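Please read them with the structure open.

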Amino acid sequence: MAYGVKLKIWGDYACFTRPEMKVERVTYDIITPSAARGILEAIYWKPEIRWVVTRLHVLNPIRFTHVRRNELDCKIPAGRVKQAQTGKTTNLGIAIEDHRQQRAAMVLKEVCYGIEAHLQVLRHDGPEDNPEAKHLDQFRRRAEKGEYFHHPYLGCREFPAHFELVETFPPCDESLGGERDLGFMLHDILFVPNGKGEIIESNKGRRLTAHPRFSRFIMRDGTIEVPPLAAEGGAS
């Protein structure tokens, strides 16, 4: 049984980066399902549950703008991190002054979305007869109070997301009427064991490989139906 929620989110800027752009960021036209799931998990998440986004609503007109952002031209080597994990003394710092780069980004402005999703209980070891209702109640309490584990963001951490639990969404802007082909977008990322194709929820000591999944999305009157991830046949 699926237990659903409706969450309205908005912010001044958003950037849901297209992975085919290598240097400077270019955003998708709308929020991706994986970004929507990340916002739900920022508010409430437990290892035994999974959020499934079923529908997205675009409530404000799609507007773009260009900004310049400070980014780093490098990252901490994974080998150094492994050394630190084993207790060895190593330098994990990066001197920002030596590695700062200004890059242009095409981002969205004045965004507002509606997320429809439900949660699934992956495993249950407690005495409750209805664990879905328990988790849903905790999510609702946290969302109503504005609580979160980390501040939800709209694609990039410097673009914070405001959120509100709602019963219904307001109508979309008139400019979003009709049908619009959004093309192929990142649906989500599956983590599967090397050499195998099954979807798993935790590594259990096995080495995992990240497999991005893409789907073609069609927006009709501001609404996008999100197909089930496991059933979709997008390219990887």
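1. Is Tyr-13 buried, partly exposed or exposed? At 38% relative accessibility, Tyr-13 counts as partly exposed. In these notes, buried means under 20% relative accessible area, exposed means over 50%, and partly exposed lies in between (1.4 Å probe, protein chains only).

2. A word on the ground rules. This is a predicted model, where local features need pLDDT of at least 70, side-chain atom pairs count only at pLDDT 80 or more, and totals for chains, interfaces and linings use all residues. Residues are numbered from 1 along each chain as its sequence is written, and side-chain values use heavy atoms, with hydrogens and water left out.

3. On to the rings. Four aromatic pairs are found in the structure; rings of Phe, Tyr and Trp (its six-membered ring) pair if their centres lie within 6.5 Å, and planes under 30 degrees apart count as stacked, over 60 as edge-to-face and the rest as tilted. The pair of Tyr-13 and Phe-159 is tilted, because its planes meet at 40°, with the ring centres 6.0 Å apart. Tyr-13 belongs to strand β1 (residues 3-14) and Phe-159 to strand β7 (residues 156-160), so this contact ties together parts that are 146 residues apart in sequence. Helices (H or I, at least four residues) and strands (E, at least two) are DSSP runs, numbered from the N terminus. Phe-159, at 10% relative accessibility, is buried.

4. Two charges over rings deserve a look. A charge sits over a ring if NZ of Lys or CZ of Arg is within 6 Å of the ring centre and within 35 degrees of the ring normal. Lys-8 places its charged end over the ring of Trp-10, 5.6 Å from the centre. Arg-142 lies over the face of Phe-149, 4.2 Å from the ring centre.

5. Arg-142 is also one of the buried residues of α4, together with Pro-131, Glu-132, His-135, Leu-136, Phe-139 and Ala-143. After α4 comes Gly-146, with a positive phi near 75°.

6. Which residues meet Arg-37 in salt bridges? A salt bridge here is a side-chain nitrogen of Lys or Arg within 4 Å of a carboxyl oxygen of Asp or Glu, and the count comes to 13. Glu-41 meets Arg-37 at 3.0 Å, N to O; both lie in helix α1 (residues 33-43), four residues apart, about one turn of the helix. Asp-188 meets Arg-37 too, at 2.7 Å, N to O. That pair links distant parts of the chain, with Asp-188 in strand β9 (residues 179-193) and Arg-37 in helix α1, 151 residues apart. Asp-188 is buried at 10% relative accessibility, whereas Arg-37 is partly exposed at 22%.

7. Arg-216 lies in strand β10 (residues 208-220) and Asp-181 in strand β9, so the pair ties together parts 35 residues apart in sequence. Arg-216 is exposed at 52% relative accessibility, and Asp-181 is partly exposed at 40%. Elsewhere, salt bridges that share partners join Arg-25, Arg-69, Glu-71, Arg-103 and Glu-158 into one network.
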